[in-house]
Amino acid sequence: LSRRVGGPGRRPGEEAIFAPTPPLESVRTIMSLASTDIDGRAPHVGDPASERRTQISAIDISRAYFNASMDENSEPTYVMLPPEHPDHARGVCGLLMKHMYGTRAAADGWQQEYSGFMKSIGFKQGVASPCIFVHPTLGIACSVHGDDFTSTGEKRELDWLEQQLESKYELRKGGRLGPGPNDAKELTVLNRILRFTEAGYEYEADPRQAEKLLESLHLDEGCNTTATPGLKALIEQLEKDQAVPQGEHTEFRGQAARANYLSADRVDLQFAAKEVCRFMSAPTETSVGALKRMGRYLLGHKRLVYTYPWQAASGIDVYSDTDWSGCARTRKSTSGGCVMIGAHVIRTWSSTQPSVTLSSGEAEFYGLVKAAGAGLGHQSIMLDFGLKTPVRVWTDSSAAINISPRSGLGKLRHLETHTLWVQEKVRTGAIEVRKVRGDVNPADLFTKHLPSRDKIHQLVKLFGCDTERADPR
């Protein structure tokens, strides 16, 4: 239990209680940097006996919040003393000198603590993401999520980083992925599984999430599986659709939320999970059926492994696709896309556009705008890692490509003016828009329910993903 009292000169609500966390793509970027030769970083050394060989390190700081001292300008926090303390019976309370788990400012205090320490040993803190650090001279790239430090660099430099952290904090070493005979070949970061192979690195979702979703849906090995995670609902089905009883809403929302969390690491489930989550406020029989079908697909495809092969890359490629007026209920369009560095998947999305568009060209342009924003956002993250990378946006829409270099609305008076910023970025060369054939556009996976298993596998393989592996390495 804790009680907060106002400090001198401070009003309630003035205390900093926000602590940033890095996006999921920061870990994927670490993996990509560990297997990509790119301008701005030294070429990788694959010799298993070399002290300069590239590794990926995972470090967990023990009792992290207790390392952060209370700010003298922040409101004091008083706590009840435990029963074993000699002053407990007297009703005396304690004034915290260190941050404690469960208190409002603890996360921010720890973030300030490790940020100051990382900068004191030569790291430069990111601007777009304050949880990203890069050492300009040693070439170490690091992402911090709470008390988990995930880093890549040469073995000798990671040895130095580990020694520096160990001199300051109590920590647990999760292992080092690398080519050496004593290097780890598999480790866990944020409950995701990372592996080292001769061909590169691998990344896999937390397997417990799939197991828990199937368990909550009451699906077991005896159930029939499906070839695709979803089917487009017919208008006749939607006309006869009925709301499910109020008592089943909480269970549906929990299952949909777990599917949505899992879809962040499953490109084949992302559109289907997005469609299910649209019904979270008012579940219907159709949405429950869609969730169960996704579960039956997951039963036959429990694992999806991302591969990060050795490569050379020159920039960020963003693929965009849009399904115009695909929702039979609202006539809204769906935009999908992915951010890639070479052949490595960094980020994916599937989202329903907020307004009804009047043409396919307008819908595709809005999808391109979202893709351009995602590309520029990741360009900022790459800059935090000390790398200047150009952005290329790919789309299969000739209309969107023709609109992007123009200036203003022209004859398209129905376009939303706040999206026209992308025209300036194209004209000034901040982004480059290119054409990709529709049949090889990987973003097609995120905009609609695909008709066959073969089509899904074709697009999944464009991401370097494998859904047919039976057992872990």
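**Entry 1. Aspartate 159 and arginine 176**

I looked up aspartate 159 and found that it forms a salt bridge with arginine 176, with the closest N and O atoms 2.7 Å apart. I took a salt bridge to be a side-chain nitrogen of Lys or Arg within 4 Å of a carboxyl oxygen of Asp or Glu. The pair links distant parts of the chain: aspartate 159 lies in helix H3 (residues 155-168) and arginine 176 in strand E10 (residues 171-177), 17 residues apart. Helices (H or I, at least four residues) and strands (E, at least two) are DSSP runs, numbered from the N terminus.

I note that this is a predicted model, in which local features need pLDDT of at least 70 and side-chain atom pairs count only at pLDDT 80 or more, while totals for chains, interfaces and linings use all residues. Residues are numbered from 1 along each chain as its sequence is written, and side-chain values use heavy atoms, with hydrogens and water left out.

Aspartate 159 counts as partly exposed at 21% relative accessibility, whereas arginine 176 counts as buried at 12%.

**Entry 2. Other salt bridges**

I recorded a count of 30 salt bridges. Side chains of opposite charge can pair when their charged atoms come close. I traced one network of salt bridges, which links Glu51, Lys155, Asp159, Glu162, Glu166, Lys173 and Arg176.

I then looked up two further pairs. Arginine 156 forms a salt bridge with glutamate 157, and the closest N and O atoms are 3.4 Å apart. Arginine 156 is partly exposed, with a relative accessible area of 41%, but glutamate 157 is buried, at 14%. Arginine 266 pairs with aspartate 268 in a salt bridge whose closest N and O atoms are 2.9 Å apart. Both arginine 266 and aspartate 268 are buried.

**Entry 3. Helix H4**

Which residues of helix H4 (residues 207-216) are buried? I listed Gln209, Ala210, Leu213 and Leu214. They lie on the same side of H4, because they cover an arc of only 130° around the axis; the arc is that of the directions from the helix axis to the C-beta atoms. An α-helix has 3.6 residues a turn, so residues three or four places apart point the same way. On the other side of H4, I found Glu211 and Glu215 exposed.

I checked what covers the buried residues of H4, and the cover includes helix H6 (249-263) and helix H8 (285-300); contact here means heavy atoms within 4.5 Å.

**Entry 4. Positive phi**

I noted histidine 218, which follows H4 and has a positive phi, near 60°. Its place is in the loop between H4 and helix H5 (235-240), and histidine 218 is exposed, with a relative accessible area of 64%. I also noted arginine 63, a residue other than glycine with a positive phi, near 45°. Arginine 63 is found in the loop between strand E3 (54-61) and strand E4 (77-80) and is partly exposed, with a relative accessible area of 48%.

**Entry 5. Cysteines**

How many disulfides does the count give? I recorded 0 disulfides, taking a disulfide as a pair of cysteine sulfur atoms within 2.5 Å. The sulfur of cysteine 131 is too far for a bond, because the closest cysteine sulfur, in cysteine 142, is 10.0 Å away. Cysteine 131 is buried, with a relative accessible area of 1%. For cysteine 327, the closest cysteine sulfur is that of cysteine 277, 14 Å away and too far for a bond. Cysteine 327 counts as buried at 10% relative accessibility.

**Entry 6. Aromatic pairs**

I searched the whole structure and recorded 15 aromatic pairs. Rings of Phe, Tyr and Trp (its six-membered ring) pair if their centres lie within 6.5 Å; planes under 30 degrees apart count as stacked, over 60 as edge-to-face and the rest as tilted. Tyrosine 319 and tryptophan 394 form a stacked pair, 5.9 Å centre to centre with 20° between the planes. This pair links distant parts of the chain, 75 residues apart: tyrosine 319 is in strand E16 (residues 316-323) and tryptophan 394 in strand E19 (residues 391-395). Tyrosine 319 counts as buried at 16% relative accessibility, and tryptophan 394 is buried at 17%. I also listed one aromatic cluster, formed by Trp110, Tyr114, Phe117, Phe133, Phe149 and Tyr169.

Note on methods: Buried < 20%, exposed > 50% of the residue type's maximum accessible area, 1.4 Å probe, protein only.
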